[in-house]
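Please follow the paragraphs below with the model open beside them, since they move from the packing of helices to ring pairs and then to backbone geometry.

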Amino acid sequence: MGKGKGDVKLLGAGLSPYAVRVKIALNLKSVDYEFQEENLGSKSELLIKSNPVYEKIPVLLHGGKPICESLIIVQYIDEAWSDIGSSILPCDPYDRAVARFWAAYLDDKIFPTMRGIGMAKGEEAKAAVVKELKDGLVLLEEAFLKSSGKAKPFFGGDEIGYLDIAFGSFLAWLKVTEKYFNIKLLEEATTPRLVSWADSFCKHPAVKDEMPNTHKLFEYAQNVVFPMIRAAAAAAK
């Protein structure tokens with residue numbers, strides 16, 4: 001059994017990369033928790049009560065107190081269980097700031113650009129978005145080399161850290177995006193260290209059982225997510 005401080009419950013969805021972030025952080029700290037699967041089409045009273053501002057997942061309940069937003073939750077877990085396992089955030093203040101910068105870059109730039117592929121109107125526009133995304137991944141390759149050094153497997157060094165969790169939680173969605181649009185985003189030619197990192201990350205004991213099944217995720221994306229993106233693109237015309 002893992003260690004914890006009081007009752008811990010996670011409100012989330014199994015296919016949500018944001019909920020995956022929290023699960024991985026809890027696993028790294030060996031925290032026992034209850035997972036409540038949320039139906040986002042019919043949100044539970046507990047979710048609405050716990051996050052009345054946004055009414056969205058994930059929400060971590062620790063001793064009955066709610067913490068919202070995935071990266072804020074990851075930081076909270078690192079601080080609340082600081083005596084267990086390795087630190088998720090870097091110990092050095094500058095390194096922490098850099099990790100937070102790139103995590104924000106992922107959420108503000110990389111992941112919206114992934115969705116933007118489906119909203120592109122025509123092959124030329126799609127190619128432009130794909131190029132933008134690949135250029136962003138090259139920047140992350142450079143950030144990886146600076147933060148991990150030449151021989152370390154993770155952004156966090158020898159162990160998974162904050163930026164690994166922020167990026168790695170989306171790897172299943174990245175694979176689905178590649179398959180659906182018949183493109184390659186992480187490539188040996190342009191991002192060799194990220195290719196190796198992604199393999200190491202997905203095999204990590206704290207991660208491997210939390211990553212969504214790619215086949216199940218592809219079916220969900222094909223039948224639900226990408227049609228919604230196309231509809232939004234059509235409405236924007």
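In this predicted model, helices H4 and H9 are roughly perpendicular to each other, because their axes cross at roughly 70°. H4 covers residues 93-119 and H9 covers residues 214-235, and the two axes come within 8 Å. The crossing of H4 and H9 is right-handed. On the H4 side the contact is made by Arg-115, Gly-118 and Met-119, and on the H9 side by Ile-229, Arg-230, Ala-232 and Ala-233. Sorted by class, this contact between H4 and H9 has 4 nonpolar, 1 polar and 2 charged residues.

H9 is also packed by helix H7 (residues 171-181), at an angle of about 70° and with the axes 10 Å apart, which makes H7 roughly perpendicular to H9. H7 passes H9 in a right-handed crossing. From H7, the residues Ala-172, Trp-173, Val-176, Lys-179, Tyr-180 and Phe-181 take part, and they meet Thr-214, Leu-217, Phe-218, Tyr-220, Ala-221, Gln-222, Val-225, Phe-226 and Arg-230 of H9. The classes in the contact of H7 with H9 are 11 nonpolar, 2 polar and 2 charged residues.

How much of H7 is covered, and what does H7 pack against? H7 is mostly covered, with 8 of its 11 residues buried, namely Leu-171, Ala-172, Trp-173, Leu-174, Val-176, Thr-177, Glu-178 and Phe-181. These buried residues pack against H4 and H9, and also against helix H1 (17-28), helix H5 (123-148), helix H6 (162-168) and helix H8 (192-203).

A search of the whole structure finds 14 aromatic pairs. In one of them, Trp-102 and Tyr-105, the ring centres are 5.2 Å apart and the planes stand at 85°, so the pair is edge-to-face. Both residues of this pair, Trp-102 and Tyr-105, lie in H4, 3 residues apart, about one turn of the helix, and both are buried. The rings of Tyr-180 and Phe-218 have their centres 6.2 Å apart and their planes at 55°, so this pair is tilted. Because Tyr-180 lies in H7 and Phe-218 in H9, the pair ties together parts that are 38 residues apart in sequence. Tyr-180, at 25% relative accessibility, counts as partly exposed, whereas Phe-218, at 12%, counts as buried. Ring pairs also link Phe-144, Phe-155, Phe-167, Trp-197 and Phe-201 into a cluster.

The backbone deserves a look as well, because most residues other than glycine have a negative phi, and most peptide bonds are trans. H7 is followed by Asn-182, which has a positive phi of about 55° although it is not a glycine. Asn-182 sits in the loop between H7 and H8 and, at 71% relative accessibility, counts as exposed. Ser-30, also not a glycine, has a positive phi near 55°; its place is the loop between H1 and strand S2 (34-37), and with a relative accessible area of 37% Ser-30 is partly exposed. Finally, a cis peptide bond with omega of about -5° joins Ile-57 and Pro-58, and Pro-58 lies in the loop between helix H2 (45-50) and strand S3 (59-62).

Notes. Residues are numbered from 1 along each chain as its sequence is written. This is a predicted model: local features need pLDDT of at least 70, side-chain atom pairs count only at pLDDT 80 or more; totals for chains, interfaces and linings use all residues. Side-chain values use heavy atoms; hydrogens and water are left out. Axes are lines fitted to C-alpha atoms, for helices over the stretch in contact, and angles run from 0 to 180 degrees between N-to-C directions. Helices (H or I, at least four residues) and strands (E, at least two) are DSSP runs, numbered from the N terminus. Angles under 35 degrees count as roughly parallel, over 145 as roughly antiparallel, 65 to 115 as roughly perpendicular and the rest as oblique. A crossing is left-handed if the near helix is turned anticlockwise from the far one by less than a right angle, and right-handed if clockwise. Contact means heavy atoms within 4.5 Å. Ala, Val, Leu, Ile, Met, Phe, Trp, Tyr, Cys and Pro count as nonpolar, Asp, Glu, Lys and Arg as charged, and the others, Gly among them, as polar. Rings of Phe, Tyr and Trp (its six-membered ring) pair if their centres lie within 6.5 Å; planes under 30 degrees apart count as stacked, over 60 as edge-to-face and the rest as tilted. Buried means under 20% relative accessible area, exposed over 50%, partly exposed in between (1.4 Å probe, protein chains only).
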